[in-house]
Amino acid sequence: MRSSSTHDASLLQIEFSAGTDKAVAFARLEELFATHAPMLPQGAGPARIETYGDDHLTMFTASLRSKTRSATELELLATEMATELEQIEGVRSISVHGGNKRAIEILPDPQALAAYNLTLSEVADVIGIATRQFPVGRLEADPVTLVRAGSHIGNVETLSRIPVGEGDSGPIYLEDVATIRDGSVKNNQASLYWQRGQDEAWPAVTLAATTIGGENVSAVTLSLEKHIKQHAESLLPADVEFSTTYDAGADATARVYRVLNQLLTGTLVVVGIIWLGLGWRAGLIISMMLPASLAVVPWLYHQIDFSINPISIAAMILAIGILSDDAVVMLENIARRFRAEGKKSRDITINAINEVGNPTILADILVVVTLLPTAYITGEMGQYVRSIPIGASAAVLFSLLVALLITPYFGFRLLNSPAAGRNNEANAQQNQNHTAQDTDSKTERTASLCTTLYCTLMRPLLWHNSILRWLMYLILLVLLGASFLLPAKRMIEIGLTPMLDRETFAINIELPAGKPLQATLEAISTLQRKLEPYPEIKSLTTYVGSNPPVIFPPTETPVPVADTGPHRATIQVQMMPEDKRQRLSYEVGQEISNHLSAWLEPYSAKGYIGKIPSGPTSNRDITAEIYGADADARQETAAHLQEWLKHKPGVVDTEQIPRTPLPELSLRLNPQQAAMHGVRPDTLIRTLDLAINGEQIGSWPDSDARSTIPVVLRLDKEHRQNKSSLTALYVASKTGTAVPLSDLVELKSSAGLPSLERRDLRPVLTVAADLDRGTALPLSVQLESLAQGNTIEAGEREIPFYWLEIPKKREIDGTIIYWSGEWEMTRDVYRDLGVASAVAMMLIYILIAGWFSSYTLPALIMLPIPLIFIGVLPAHWIMGVNIAGTGILGVIALAGIVTRNAILLVDFIIQREKEGMEIGEAVLQAGIERTRPILLTAATVMFGSGVLIFEPSLEPLGLSLASGVLISTPITLVLIPVLYFHVYRKRWGREKS
């Protein structure tokens, strides 16, 4: 739980466990606040509870802009269009950002009020009653009639003639003390739009749409764009232009179709590999089985309310390489038995299936028990990747059922029959020597070549001096150690998710607190000129002094005030289409980030890049929270931490949160003066509120729009810009006379107090840092704190860093620094992946031990699992890809595949030993017989599932699968037979020299 408190309001940000239903969360909070309502200060509350999730994020934005139209006119057009668009099915809300809502402004003249002895509150009360109608009851006679009393004013002329007081010469009319004009509600903000081809930025407003949860975002945004184009033809004047500036649906559709194409490509690749390895008949069988096996995944997703997205489709791509394994092993064994027998029959087919059926079932179960524990990863990452283990496991189990029921039939019907009359015994011998003839001579020549190479490699390891075996073990250990040196030496970085190319990103800017709107616009203008030369940028939409559409979740607890201040601005950058630019969005954003501090330095401003997350990640690269009872000590520690971070490679800029607040002017009522003049404190407060904030005292119907026009009373901008204007106001006393405000209050200026930030009720100060991720990742920078004893010097004190959790209050001695933000998510993800790996390894060991009735054999079979990293880590280094959570998920999946291959080898060895074959011959023969199906299944994983490399969000997963299987497969084919021979040869009582 986080909180942010100011003088007048508090905001609580309460995070529930990932996966908690929003309705449940809302009900719990509502009950909790209702129970503790008496604890709130008098006059505070009631608490307003809002649940926040993906359906609150803006999925579509469109900009209306004009060089000649005012912001008020644009706002009116946008409001009309928003009313139409909200009727589209699937749209949750349409909000308008920027522009100024039209209003009738009543701007009293303080000098005229003083001359007539009138006050703002008196004028407001009179006009409020004169411009409204009130229900006063009903007449009961037939017919029963409702009665309303009051005035109905709908034009400026009538409004100006409302009497607001009585003077010596008669009534005082509103036009005597105030200026009345057709204006706007807000006038201290700006929204601008620039696109390539424009000389300057134009006034603009933005329509931002959110969608209803569970709706197809792509369909909703497509409908929005279609309707906007239709309404633009009838609603928009010729000098008003519009364009789509963000479309999450189109982006999601493009990504899904890209991954679907990879799914189709992977499927065709797998079929082609089987075709080349086992012939066209086996390829035909696989082409029928793969779609049948994958069909269960979308059905399962529908049953458990998973959506179809790139991550869920990745489960099917991951499964492609595994699904064909069962059929390949069975088809290859059926073909081998047909050749051995010299004929084909149902009995031979059944016997061939029986021979490999049990180890295949065990191998599939092992793959599933390897994948399923990763479905219990907690937090956002668990929600993000859960569909992968669930979908892939379902596909593997269903493919096993398909393989056991359908493969024997199609194998018997479609596989080619050897020539009749061939001598069975001779044929068997020829098969062992890989000289048997088959209709597909190319396949047989390939198999014979594999056998020759395999025997040439294995015989020295099995029957020569054991020094070669120990040398092989040493080489593998050295390679494994060298692989782990790559992340240790930061040659590859450890991260959470890969960076993705996005349609848009944001530049957040903050000038020193108190700077006016004009200063911010000047900085924005300079920044726009710096951005224009970038050919990748299509448009810039700027919001100054107002909140932009929420395209991605905020990573900070917002300050609980409505006004963002004119010293803050956000530029949303829209990129050119992907096929029209050479660089990715995060590359452009990173270059801008590297220059941003220098560009903003003349304005003493700071800025950072806001990005749409690539998954469960933080918008700020490094976040450190400083805890301690002493506020000054926290501030001093933050300054030293910022200085420490600035000297680290890759750190672009740092800042403290909470940021510097606006300066404050306190008008303190003098009780004695107030009593002497008969002025009540509430009268003073209302007068100031009317002068600065204004008050809507009525509304008029608008013939040109569906909404009403508010009537607003407040001082003109020039009379509410400084404190001297305020002290010139008059306040009504009990005697009816107007008393100057300067006689009643004392003015005191101050710097303003920052919001008080707490986490779990502890005061906290946060330091955020932005990185050049091409140079360093957050974890690598944070790990450098360990090199100096896990502390940082702050004056004469050493402040410790905490990594795993925030210590309890009683355990904190002084000030501490806790790494939070992206590190927290990274820590939790890799912790959960480690637990999932441990559970998977334990289940694998138990299943293998139970199957083979041995405690030693499971360890031997599982020994190649860590050797997967010999392929994975160097491949990441060569490709320049950082380690990510999805990549480790791929390593866990590979553990099941490696174990599967090892089991098939060991099971064949044991079968040959039971037939009486000597252990060395059994080991070699098992390798010969299993090399081709193992290589085929490895190729299907490498080239079938490996197509994930071409999807940026899943590149680490695809790279881990492809590189891991590339190295682990030959290691398994060599290491498992050698280890088995090494461990169990003594039971034969001899070893060949």
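**Ground rules**

I am working with a predicted model, where local features need pLDDT of at least 70, side-chain atom pairs count only at pLDDT 80 or more, and totals for chains, interfaces and linings use all residues. I number residues from 1 along each chain as its sequence is written, and side-chain values use heavy atoms, with hydrogens and water left out.

**Entry 1: helix α9**

I began with α9, residues 280–294. Helices here are DSSP runs of H or I with at least four residues, strands are runs of E with at least two, and both are numbered from the N terminus. Helix α9 has 15 residues and spans 21 Å from its first C-alpha to its last. That is close to the expected 21 Å at 1.5 Å a residue. The expected span is 1.5 Å times one less than the number of residues.

Which residues of α9 are buried? I listed A282, G283, I285, I286, M289, L290, S293 and L294. They sit on the same side of α9, because they cover an arc of only 155° around the axis. The arc is taken from the directions from the helix axis to the C-beta atoms. Buried means under 20% relative accessible area, exposed over 50%, and partly exposed in between, with a 1.4 Å probe and protein chains only.

I then looked up what covers these buried residues. The cover includes α8 (248–278), α10 (296–303), α11 (310–341) and α14 (387–414).

**Entry 2: α8 against α11**

Two packed helices are described by the angle between their axes and the distance between the axes. The axes of α8 and α11 come within 9 Å and cross at roughly 10°. So α8 is roughly parallel to α11. Angles under 35 degrees count as roughly parallel, over 145 as roughly antiparallel, 65 to 115 as roughly perpendicular and the rest as oblique. The axes are lines fitted to C-alpha atoms over the stretch in contact, and angles run from 0 to 180 degrees between N-to-C directions.

Contact means heavy atoms within 4.5 Å. On the α8 side I found residues including R255, V259 and L263. On the α11 side I found, among them, I317, I320 and E332.

V256 is in helix α8. V256 is buried, with a relative accessible area of 16%. Beyond residues up to four places away in sequence, V256 touches I308, N309, P310 and I313. V256 and I313 are 57 residues apart in sequence, yet 8.0 Å apart C-alpha to C-alpha.

T407 is in helix α14. T407 counts as buried at 0% relative accessibility. Leaving aside neighbours within four places, T407 contacts M289, A327, M330, L331 and V402.

Most residues other than glycine have a negative phi, and most peptide bonds are trans. I looked for exceptions.

- The bond from D142 to P143 is cis, with omega near 0°. P143 lies in the loop between β6 (133–139) and β7 (145–150).
- I657 and P658 are joined by a cis bond with omega about 15°. P658 is in the loop between β19 (651–657) and β20 (664–669).
- D760 has a positive phi, near 50°. D760 is partly exposed, at 42% relative accessible area.
- L761 has a positive phi, near 70°. L761 lies in the loop between β26 and β27, and L761 is exposed at 58%.
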